[in-house]
Amino acid sequence: MSVVNVTMAELHEKLAKCIAGERVLVDQEGNRFSARIQHVGMTGVKVIPETIIKNSTGDPGDLDGVTVPYDDIWELEVKGVVFSRLGE
């Protein structure tokens, strides 16, 4: 897996092109968690934290995600490449 450092603007551009299922790293007020994209919107990204997915016993599609602002997303993983703004 390779890591590519990007700016916030570049990460937002890549997020806008994503489909459901891509992995992201979210940081909300110092709490970091991995999540999977459920839907990309105009003002934020609806994600499902991976801990909820792991512990789910329901059918696919039963989980409701939470919308996070673009600025709370620090990494995006697409096809083995991690686009990260942690190096900013």
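Arg36 is partly exposed, with a relative accessible area of 34%. This is a predicted model. The structure contains five salt bridges. Arg36 takes part in one of them, with Glu50. Arg23, Glu75 and Glu77 form a salt-bridge network. Asp72 is buried but has no salt bridge.

**Arg36 and Glu50**

- The side chains of Arg36 and Glu50 meet in a salt bridge, at 2.8 Å from N to O.
- Arg36 belongs to strand β3 (residues 31–40) and Glu50 to helix α2 (residues 50–54), so the pair ties together parts that are 14 residues apart in sequence.
- Glu50 has 25% relative accessibility and counts as partly exposed.

**The Arg23 network**

- Salt bridges link Arg23, Glu75 and Glu77 in a network.
- Arg23 bridges to Glu75, with the closest N and O atoms 3.9 Å apart. This pair links distant parts of the chain: Arg23 is in strand β2 (residues 23–28), Glu75 is in strand β6, and they are 52 residues apart.
- Both Arg23 and Glu75 are buried. For Arg23, the relative accessible area is 16%. The cut-off for buried is under 20%, so Arg23 at 16% qualifies.
- Arg23 also forms a salt bridge with Glu77, at 3.7 Å from N to O. Arg23 lies in strand β2 and Glu77 in strand β6, so this pair ties together parts that are 54 residues apart in sequence.

**Surroundings of Glu77**

- Strand β6 (residues 73–78) holds Glu77.
- The C-alpha atoms of Glu77 and Arg23 are 5.3 Å apart in space.
- Leaving aside neighbours within four places in sequence, Glu77 is in contact with Met1, Glu22, Arg23 and Val82.

- Asp72 sits in the loop between β5 (66–69) and β6.
- Beyond neighbours within four places in sequence, Asp72 is in contact with Leu25, Val26, Asp27, Gln28 and Arg85.

**Charges over rings**

- Arg85 lies over the face of Trp74, 3.7 Å from the ring centre.
- The charged end of Lys14 sits over the ring of Phe83, at 4.6 Å from its centre.
- The count of aromatic pairs is zero.

Terms used
Residues numbered from 1 in each chain as written. Predicted model: local features only at pLDDT ≥ 70, side-chain atom pairs only at ≥ 80, totals over all residues. Heavy atoms only, no water. Phe/Tyr/Trp six-rings, centres within 6.5 Å; stacked < 30°, edge-to-face > 60°. Lys NZ or Arg CZ within 6 Å of the ring centre and 35° of its normal. Helix = DSSP H or I, 4+ residues; strand = E, 2+ residues; numbered from the N terminus. Contact = heavy atoms within 4.5 Å. Buried < 20%, exposed > 50% of the residue type's maximum accessible area, 1.4 Å probe, protein only. Lys, Arg positive; Asp, Glu negative; His and termini not counted. Salt bridge = Lys/Arg side-chain N within 4 Å of Asp/Glu carboxyl O.
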